[in-house]
Amino acid sequence: MEKKDKHIGIMGGTFDPVHNAHLALAKQAYRQFDLDEVWMMPNGNPPHKKDTRQADVAHRMNMVNLAIQNIPYLKLCDMECTSQTYHYTYETMQMLNEQYPDTRFYFVMGADSLFDFDDWKEPGIISQECVLLAATRDHCPRSEMKDRILELQERYGADIRILNTPNMDIASGDIREDISQREDISDVLPAAVAEYIQCHGLYQNV
């Protein structure tokens with residue numbers, strides 16, 4: 001494997017809204033794989049979530065910025081925040097490698113995505129453009145993940161490593177629902193994000 005000067009994690013997602021489990025996972029990737037930084041990349045138009053977003057990309061970017069403002073190794077990356085119809089991971093990783101040839105990128109993906117990887121657009125290209133960090137999930141035994149990783153390594157030549165996931169059962173959809181019901185969400189969001197949501201009246205009618 002070609003030696004690179006920098007090692008950067010990429011954590012994509014809708015971040016609608018960004019919450020404490022997102023941050024915990026980014027921190028875990030940073031520590032476990034000795035990364036220089038982790039870039040949080042809100043997706044403007046994710047092809048797999050066509051009708052689920054409640055906040056526009058500007059709000060979601062602002063919330064990520066607030067969430068990471070005191071964590072120096074977490075950075076906001078706006079590469080997928082454009083008017084393009086949909087953003088595909090293979091295109092994003094190709095562009096990142098072109099712009100940062102001295103950097104090895106590590107793309108964080110969930111365990112569910114590991115098993116759906118064949119359905120992604122151009123999985124072979126993705127496998128050559130970055131290291132894949134597959135986050136564990138309680139419902140998915142490690143033995144099954146390891147078998148799946150071996151399968152994808154043989155099929156695509158992928159470099160896939162298991163990312164230990166903090167045990168935090170938090171989902172953005174549940175948070176949006178709780179906000180619409182006027183429930184307390186202070187324990188699952190950074191305080192600055194919760195304040196931003198309140199000030200801008202986000203997720204009031206889910």
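Begin by selecting Ala134, which counts as buried because its relative accessibility is 0%, under the 20% limit. Keep in mind during the tour that the model on screen is predicted.

With Ala134 still selected, colour the strand around it: the residue lies in strand S5. Next, show what surrounds it: leaving aside neighbours within four places in sequence, Ala134 is in contact with Met109, Leu114, Met145, Ile160, Arg161, Ile162 and Leu163.

Now widen the selection to the whole sheet, where 6 strands are arranged in the order S3-S2-S1-S4-S5-S6, an open sheet with parallel pairing. Which strands stand at the edges? They are S3 (74-76) and S6 (160-163), and each has a single partner strand, so one side of each is left without a neighbour in the sheet. Turning the view, you can follow a twist that averages 30 degrees from one strand to the next.

Select S1 (residues 6-13) together with S4 (residues 103-110), two strands that run parallel and are joined by 5 bridges. Within this pair, Ile8 has Phe105 of S4 as its bridge partner.

Finally, turn to the helices. Helix H3 (residues 89-99) packs on the sheet, where it touches S1, S2 (37-42) and S4, and its direction makes about 160 degrees with that of S4. Helix H6 (residues 142-156) also packs on the sheet, touching S5 (131-135) and S6, with its direction at about 160 degrees to that of S6.

Terms used:
Residues are numbered from 1 along each chain as its sequence is written. This is a predicted model: local features need pLDDT of at least 70, side-chain atom pairs count only at pLDDT 80 or more; totals for chains, interfaces and linings use all residues. Side-chain values use heavy atoms; hydrogens and water are left out. Two strands pair if DSSP finds at least two bridges between them. Helices (H or I, at least four residues) and strands (E, at least two) are DSSP runs, numbered from the N terminus. Axes are lines fitted to C-alpha atoms, for helices over the stretch in contact, and angles run from 0 to 180 degrees between N-to-C directions. Contact means heavy atoms within 4.5 Å. Buried means under 20% relative accessible area, exposed over 50%, partly exposed in between (1.4 Å probe, protein chains only).
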